[in-house]
Amino acid sequence: MTDDASVAGEEDTGALDDLLNDIYRGQERVTQAEIYRRAVAADLPAELLARIDSLPEGEYAVDEVSDLLGGTVG
């Protein structure tokens, strides 16, 4: 039997990781606003958009934002 919650979580993590890899290509730090803008453009799930939106304004390194959002990039 498959746990649907874990499968959905893995899909969210994959989408988040793909987004972060794309955003941080050639960038050391990116603003919360840019991460959110790119996540909306990538049509990420509403729950993930809400987590990104709840980040304090400022700049983040990829490992910081990945830790805060539950990704595996770092």
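Predicted model: local features only at pLDDT ≥ 70, side-chain atom pairs only at ≥ 80, totals over all residues.
Residues are numbered from 1 along each chain as its sequence is written, and side-chain values use heavy atoms, with hydrogens and water left out.

**Stop one: α2 and α3**

Select residues 32-41, helix α2, together with residues 46-53, helix α3. Helices here are DSSP runs (H or I, at least four residues), numbered from the N terminus. The two pack at an angle of about 170 degrees, and their axes lie 9 Å apart. Each axis is a line fitted to C-alpha atoms over the stretch in contact, and angles run from 0 to 180 degrees between N-to-C directions. α2 and α3 are therefore roughly antiparallel, a label for angles over 145 degrees.

From α2 come Gln32, Ile35, Tyr36, Ala39 and Val40; from α3 come Leu49, Ile52 and Asp53. These contact residues divide into six nonpolar, one polar and one charged. In this scheme Ala, Val, Leu, Ile, Met, Phe, Trp, Tyr, Cys and Pro are nonpolar, Asp, Glu, Lys and Arg are charged, and the others, Gly among them, are polar.

**Stop two: Gln32**

Stay in helix α2 and pick Gln32. Is Gln32 buried or exposed? With 7% relative accessibility, Gln32 counts as buried. The classes are buried under 20% relative accessible area, exposed over 50% and partly exposed in between (1.4 Å probe, protein chains only). Leaving aside residues up to four places away in sequence, Gln32 touches Ile52, Asp53, Leu55, Pro56, Glu57, Gly58 and Tyr60.

**Stop three: the salt bridges**

Side chains of opposite charge can pair when their charged atoms come close. The rule used here asks for a side-chain nitrogen of Lys or Arg within 4 Å of a carboxyl oxygen of Asp or Glu, and the count comes to six salt bridges.

Select Asp22, Arg25, Glu34, Arg37 and Arg38, which are linked in a salt-bridge network. Begin with Arg25 and Asp22, whose closest N and O atoms are 3.2 Å apart. Arg25 is exposed at 61%, whereas Asp22 is partly exposed at 37%.

Next, move to Glu34. Its bridge to Arg37 has an N to O distance of 2.7 Å, and the two residues sit three apart in helix α2, about one helical turn. Glu34 also bridges to Arg38, at 3.6 Å between the closest N and O atoms; that pair is four residues apart in α2, again about one turn. Glu34 is partly exposed at 25%, Arg37 is partly exposed at 47%, and Arg38 is partly exposed at 23%.

**Stop four: α4**

Finally, select residues 62-69, helix α4, and colour its buried residues, Val65, Ser66 and Leu69. They span an arc of only 100 degrees around the axis, so they share one side of α4; the arc is taken from the directions from the helix axis to the C-beta atoms. Turn to the other side of α4 and you will find Asp67 and Leu68 exposed. Just after α4, Gly70 has a positive phi of about 90 degrees.

How values were computed:
Parallel < 35°, antiparallel > 145°, perpendicular 65-115°, else oblique. Contact = heavy atoms within 4.5 Å.
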